Amino acid sequence: MPAAVADLTTRARASQLSLADRRFALDSLAFVTDPSAAKSMLSLADASSPLRESATWWLLNRLGSDWSAPEY
């Protein structure tokens with residue numbers, strides 16, 4: 001798992017950060033081409049997450065491109 005995935009996920013979940021900063025971490029995570037990034041994005045699309053809508057959009061968008069390989 002790339003180190004950036006863990007750090008970006010932590011920032012996206014950090015309630016003490018502004019929603020804009022959390023979205024920036026989420027958007028950055030979307031450009032990591034590693035299965036761990038897709039799994040993390042899936043966890044951020046949880047129904048209780050304030051980033052649910054954005055995370056879901058990224059999941060649907062990336063599943064048609066970089067995250068479409070079998071290992072994802």
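The model is predicted: local features need pLDDT of at least 70, side-chain atom pairs count only at pLDDT 80 or more, and totals for chains, interfaces and linings use all residues. Residues are numbered from 1 along each chain as its sequence is written, and side-chain values use heavy atoms, with hydrogens and water left out.

## Overall form

The protein chain contains four helices and zero strands, and its elements follow the order α-α-α-α from the N terminus on. Helices (H or I, at least four residues) and strands (E, at least two) are DSSP runs, numbered from the N terminus.

Along its principal axes, the C-alpha trace of the protein chain spans about 35 × 25 × 15 Å. The radius of gyration of the protein chain is 11 Å, which agrees with the value near 11 Å that a compact globule of 72 residues would have. This radius is taken over C-alpha atoms, and the globule rule is 2.2 Å times the number of residues to the power 0.38.

The accessible surface of the protein chain comes to about 4,300 Å², and 56% of it belongs to carbon and sulfur atoms. Such areas come from the Shrake-Rupley method with a 1.4 Å probe; for residues, only the protein chains shown count as cover. Of the 72 residues in the protein chain, 35% are buried. A residue is buried under 20% relative accessible area, exposed over 50% and partly exposed in between (1.4 Å probe, protein chains only).

Among contacts in the protein chain with a separation of 6 or more, 55% join residues 24 or more positions apart. A contact means heavy atoms within 4.5 Å.

## How the helices pack

Helix 1 (residues 3-13) has Val 5, Leu 8, Thr 9 and Ala 12 as its buried residues. These residues lie on the same side of helix 1, because they cover an arc of only 100° around the axis. The arc is that of the directions from the helix axis to the C-beta atoms. An α-helix has 3.6 residues a turn, so residues three or four places apart point the same way. On the face of helix 1 turned away from the buried side stand the exposed residues Ala 3, Asp 7 and Thr 10.

In helix 2, the buried residues are Arg 22, Ala 25, Leu 26 and Leu 29. Seen down the axis of helix 2, they fall within an arc of 100° and so line one face of the helix. These buried residues pack against helix 1, helix 3 and helix 4. The exposed residues Ala 20 and Phe 24 sit on the face of helix 2 turned away from its buried side.

The buried residues of helix 3 are Ser 36, Ala 37, Ala 38, Ser 40, Met 41 and Leu 44, and they pack against helix 1, helix 2 and helix 4. Ala 6 belongs to helix 1. Ala 6 and Ala 37 are 31 residues apart in sequence and 8.6 Å apart in space, C-alpha to C-alpha.

The structure holds two aromatic pairs. In one of them, the ring centres of Phe 31 and Trp 58 are 5.2 Å apart and the planes stand at 75°, so the pair is edge-to-face. Rings of Phe, Tyr and Trp (its six-membered ring) pair if their centres lie within 6.5 Å; planes under 30 degrees apart count as stacked, over 60 as edge-to-face and the rest as tilted. This pair links distant parts of the chain, 27 residues apart: Phe 31 is in the loop between helix 2 (19-29) and helix 3 (35-44), whereas Trp 58 is in helix 4 (residues 52-63). The rings of Trp 57 and Trp 58 are also edge-to-face, because their centres are 4.8 Å apart and their planes stand at 80°. Through ring pairs, Phe 31, Trp 57 and Trp 58 form a cluster.

Arg 62 lies in helix 4. Arg 62 is placed over the face of Trp 67, at 6.0 Å from the ring centre. A charge sits over a ring if NZ of Lys or CZ of Arg is within 6 Å of the ring centre and within 35 degrees of the ring normal. Leaving aside neighbours within four places in sequence, Arg 62 is in contact with Ala 30, Phe 31, Thr 33, Trp 67 and Ser 68.

The table gives the accessibility of some residues named above.

| Residue | Relative accessibility | Class |
|---|---|---|
| Phe 31 | 54% | exposed |
| Ala 6 | 34% | partly exposed |
| Trp 58 | 11% | buried |
| Arg 62 | 8% | buried |
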